[in-house]
Amino acid sequence: MTSPGPPMTHSGPPTTPHAFPHRELGAFLRSRRERLAPHTVGLPAAPGRRTPGLRRAEVAERAGISLSWYTWLEQGRVRTSPQVLRAVARALRLDEAETAHVLSFTAEDRPPAHPPTFVSRNLLTLVQSMAPHPAVVLDPHWDLLAWNTSYAALLTDPARLHPKQRNLLWLVFCWPPARTLLADWPREARALLGQFRSRAAHRPDDPRFTELLGRLLTDPDAARWYADRETTAFQPSVRRFHHPAAGELRLRYVKLAAVDEPGHHLLTYLPDDPASHDALRRLEKSAPSPCPGRGPCQARTTPTPQPHTPAR
């Protein structure tokens, strides 16, 4: 089979200025190779086999590339084409989300390394107009930049949290009420962590990602799931809540990219049934007082203590 990679006689791997992200890609490929049992791809189980899963040579042969090139790929020493990565993904039997994660390492249209920490007046007005539907704006680190009072009533008022705690993953893993508020917390938390890993993989030297991961991985569940190197893509879904004031809610989770503000996303919750619609209206009436000034709250608001939601 013709190799889509370099010829077998290539003397060494080309250098790449993007070595750090590609080490994460290599580690991901290795984890998937080691979990793939030989019999699942039609290979006999040889006695005394020491390698967990497939050997590198077996993956390279199935992908139609040289062993040297695949080895460099796992070592994070090369940058390659989507064609090669698709072949490797097929050889490793990656699912759709895992394949998309692998191919993302060839993408050129990445968000800016330092997106603004504030949102425009237009986006703020949109967030406010979403009430009684909870809405929030996130940056690439999933830090909360702006929210409406409905979001504060559904979860907790981010203005009352320390600025470092105003983060979606922090709320899910480190804010204790989340584990009872989310009806299916393990599934929701694991999926969000998988999405977050896909984002963080491209910026291993980003101090905010490093800071967040350091905090998250002190949680045993997060540490165990992160070690599995699971990645998931965002999927529109219905999220169920056990709210202490509003009761049971079924809310559709919608995510939109802000085209004129690269790196920013709007997340909103829409009712999935009439009972949830009525519950959101009740929550809106009991929502906490807004941040100083009119309009939706922004992360620049000075935080105040919130004794009933301590950091873990």
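## Exercises on a predicted model

S276 is buried, with a relative accessible area of 1%; buried means under 20% relative accessible area, exposed over 50%, and partly exposed in between (1.4 Å probe, protein chains only). This is a predicted model, in which local features need pLDDT of at least 70 and side-chain atom pairs count only at pLDDT 80 or more, while totals for chains, interfaces and linings use all residues. Residues are numbered from 1 along each chain as its sequence is written, and side-chain values use heavy atoms, with hydrogens and water left out.

### Exercise 1: The surroundings of S276

Task: find the element that holds S276, then list what S276 touches beyond residues up to four places away in sequence.

Solution. 
- Step 1. S276 belongs to helix α13 (residues 274–285). Helices (H or I, at least four residues) and strands (E, at least two) are DSSP runs, numbered from the N terminus.
- Step 2. With residues up to four places away set aside, S276 touches L249, R250, L251 and P271. Contact means heavy atoms within 4.5 Å.

### Exercise 2: Cores and F196

Task: identify the residues with the most contacts inside the largest nonpolar core, then follow F196 to its contacts.

Solution. 
- Step 1. The largest nonpolar core has 45 residues, and Y151, L168, F173 and F196 have the most contacts inside it. Such a core is a set of buried Ala, Val, Leu, Ile, Met, Phe, Trp, Tyr and Cys residues joined through side-chain atoms within 4.5 Å.
- Step 2. Helix α8 (residues 168–174) supplies the largest share of this core, seven residues.
- Step 3. Leaving aside neighbours within four places in sequence, F196 is in contact with H141, W142, L169, F209, L212, L213 and L216.
- Step 4. There is also a second, separate core of 26 residues, which includes L29, A60, W69 and Y70.

### Exercise 3: Aromatic rings

Task: classify the ring pair of W69 and W72, then the pair of F173 and W225.

Solution. 
- Step 1. Rings of Phe, Tyr and Trp (its six-membered ring) pair if their centres lie within 6.5 Å; planes under 30 degrees apart count as stacked, over 60 as edge-to-face and the rest as tilted. By this rule there are eight aromatic pairs.
- Step 2. W69 and W72 are edge-to-face, because their ring centres are 6.0 Å apart and their planes are at 75°. Both lie in helix α3 (residues 67–74), three residues apart, about one turn of the helix, and both are buried.
- Step 3. F173 and W225 are also edge-to-face, at 6.2 Å centre to centre with 65° between the planes. This pair links distant parts of the chain, with F173 in helix α8 and W225 in helix α12 (residues 220–227), 52 residues apart.
- Step 4. One aromatic cluster is formed by W142, F196 and F209.

### Exercise 4: Backbone exceptions

Task: locate the cis peptide bond between A131 and P132 and describe the positive phi values of R93 and W142.

Solution. 
- Step 1. Start from the expectation: most residues other than glycine have a negative phi, and most peptide bonds are trans.
- Step 2. The cis bond that joins A131 and P132 has an omega of about 15°. P132 is placed in the loop between α6 and β1 (135–138).
- Step 3. R93 has a phi near 55° and lies in the loop between α4 (82–91) and α5 (96–103). R93 is partly exposed, with a relative accessible area of 46%.
- Step 4. W142 has a phi near 70° and lies in the loop between β1 and β2 (144–147). W142 is buried, with a relative accessible area of 5%.
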